[in-house]
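Here are my notes on the two kinds of contact in this model. Please read them with the structure open.

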Amino acid sequence: MRYFVQRLGFLLLSLWAAITINFVLPRFMPGNPAEAMIARYQGRLSPMVLHSLEIEFGISNQPLWVQYGAYLQNLAHGNFGLSITYYPVPVIQIIANSLPWTLGLAGTATVISSVLGVVLGIIAAWRRGGKLDTVLPLITMFTTALPYQWLGLLILYVFGYLLGWFPTAHAYTATLTPSLTPPFIGNVLVHAILPASTIVITAVGGWLLGMRNNMINTLGEDYVVFAEAKGVKDRRLMFMYAARNAILPSLTGFGMALGFVVGGSVLVETIFSYPGVGYQLVAAVQNEDYPLMQGLFLIIAVSVLLANFIVEMLYGRVDPRVRRGGARA
Amino acid sequence: MVEDQPVLDVRNASIAYQTARGPVLAARDVSLTVYPHEIVGLIGESGSGKSTLAYGIMRLLKNGARLVQGEIRILGRDVYAMQKEELRAFRWLHMSMVFQSAMNALNPVLTIEDQIIDTLQSHQPQMTRREASLRARELAEMVRIDASRLSAYPHELSGGMRQRFVIAIAIALEPALVIMDEPTTALDVVVQRSILDQIREIQKVKGFSILFISHDFSLVAEFASRIAVMYAGRIVEVSASGLLDGDSLKHHPYTVGLWNAIPQLRARQLTLSGIPGSPPDIQNLPSGCAFHPRCTLADDTCRTSVPDRWSRGKSVIECHRFEVEEGATHE
């Protein structure tokens, strides 16, 4: 319980820091969204329009702390401002529309690749020197070395374009209306297979190798030999005695990977024109869409922090030493 | 006597480690018996092969080590003739072992109770968790730890408590033989003493045999009824501990050397004599008797030929000097 409160306190503190930095940074940058808008229309807007735009974007010359207060209030109401690229769509709506796609695609792919990699790593280490252990690390060393964007393009070209087995872009066929019906869900899955495979193929090797090596170290520990001696059956020995101790570093890695899901899927979403957060981020940068960028950065920061919090909770469940005070020698 | 079927019978066992330069023998032609209710001490310097022999008896050899010759029998059954599942069920039920490193013998992510229950249920699958839990309490009591500590994780316990729980796990199934591989080496002297007293007490009640491995000669001499002395992978002497003394006419020169290295509390002179030199490299053993470079009594025979085993009274000694002794018989 103390551990939970501690971690929660840390989460809130870092959330506040992230939100504040997100407020300060754009104010250090030259120009403001209204000026950027004017530039887009190449001076065809009158000063009066500029002024009304400034009001609409919430740009004021009030003292910073007043602006900060207003900013926090806006955040609390989910008001992230208006996007320039999709003017006048609110940023919050763009995020709400793109975040589920990214979480669904990159999130699921990350979970699949880590679980698959960890389980295969456990088995490879358990049967050290066996067929599986000889073949798997070799294959995965190769797939891990593949550049992610190159593999994405290759897969897209072969399976999407040459063979035509899968669609080459978007999250679903444009003529369908999103709904929770089997045909639509099937359509979404078919669209997700290529980008998800790209992530899984390039990521699974790292998980496998990491887990295998930790597991081999753990299998040499006295408590594993002792448990084997006292007659613990293979399955329990493998998971409760060896893997549960060996998985801790992988769990840390999992937290980091989860955090990067939201921000790190830029390449895959660009290659497959997938309407997720990464795709919108690229659009925002190209259009100097500061409100959208700011909103996306905030979402990325928050998701990294939340993912870390979740993993810390998991860590506490797996390792009692974390939960109940430090290890004594 | 009929009941004198040995609990442990090691016959001419050799254990080799596979290395890049070929197999290296860590135990050579070792024979050792332990009878019911008996405590046998096994002593020797670091690297003499004591632990290797212990792991060999448990059939837990790792890192390329294997039994290359001889037989190891527990209660008459050949440990190395068993199938995998047969071995899993046999081990711990009839023989168990307390590891040298009690600190690391317990799984850090499970409570002590879970680890005891695991032991019980692995061998008695029909046992309910409730029954196992009651048995765990009994065992905690036996090693004199409050049952409330059963819900602790290993890192929450002191070294002495952890070692007591390891002992509790070792005797959980009431095996006929418990091998103790330097069970108190990592602990301070006071804790060491109280644990040894407890072990002896429990042993008296339960009547299992102990093979007690140590490099502490005085400790073993007090604790065990018979002592086996190991040097460079061979057992060079087995004697009743009551008969041990520094008499070089009755014991192996190495045993005598160890004896003279013990400080005697009531002795007038406080000079201790050590054994000159250092233990041999087992990859590159001296010719003849492996002890000859450090032996003050060595002669040409010792340098060229390996000594046989000789019985003399209640001792069995591997030394050329006992060939010519009166009353010595060839084993």
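1. A salt bridge here is a side-chain nitrogen of Lys or Arg within 4 Å of a carboxyl oxygen of Asp or Glu. By that rule, 4 salt bridges cross the interface of chain B and chain A. Keep in mind that this is a predicted model.

2. One of these bridges joins B:Asp118 to A:Arg236, at 2.6 Å from N to O. Polar contacts between chain B and chain A number 10 residue pairs, both residues at pLDDT 80 or more.

3. Which elements give two or more residues to the side of chain B that touches chain A? They are helices H1 (50-58), H2 (84-90), H3 (112-123) and H5 (159-170) of chain B. H3(B) gives the largest share, 5 residues. By class, this side has 15 nonpolar, 9 polar and 7 charged residues.

4. The contact involves 31 residues of chain B and 27 residues of chain A. Together the two chains bury about 2,600 Å², with 53% on carbon and sulfur atoms.

5. Now the inside of chain B. Domain 1 covers 2-94 + 177-190 + 203-285, and domain 2 covers 108-174. Their C-alpha centres are 27 Å apart. In the contact, 10 residues of domain 1 meet 12 residues of domain 2.

6. The two domains of chain B bury about 1,000 Å² between them, 66% of it on carbon and sulfur atoms. B:Trp92, B:Leu93 and B:Lys206 supply 50% of the area that domain 1 buries against domain 2, more than any other three residues.

7. The rule finds 1 salt bridge across this domain interface. B:Glu174 pairs with B:Lys206 in a salt bridge, with the closest N and O atoms 3.0 Å apart. The domain 1 side has 7 nonpolar, no polar and 3 charged residues.

Key. Residues numbered from 1 in each chain as written. Chains lettered and ligands numbered in written order. Predicted model: local features only at pLDDT ≥ 70, side-chain atom pairs only at ≥ 80, totals over all residues. Heavy atoms only, no water. Domains from an automatic or database assignment. Contact = heavy atoms within 4.5 Å. Buried area = accessible area lost by both parts, 1.4 Å probe. Nonpolar A, V, L, I, M, F, W, Y, C, P; charged D, E, K, R; others polar. Polar contact = N/O pair within 3.5 Å; in protein donor to acceptor, adjacent residues only side chain to side chain. Helix = DSSP H or I, 4+ residues; strand = E, 2+ residues; numbered from the N terminus.
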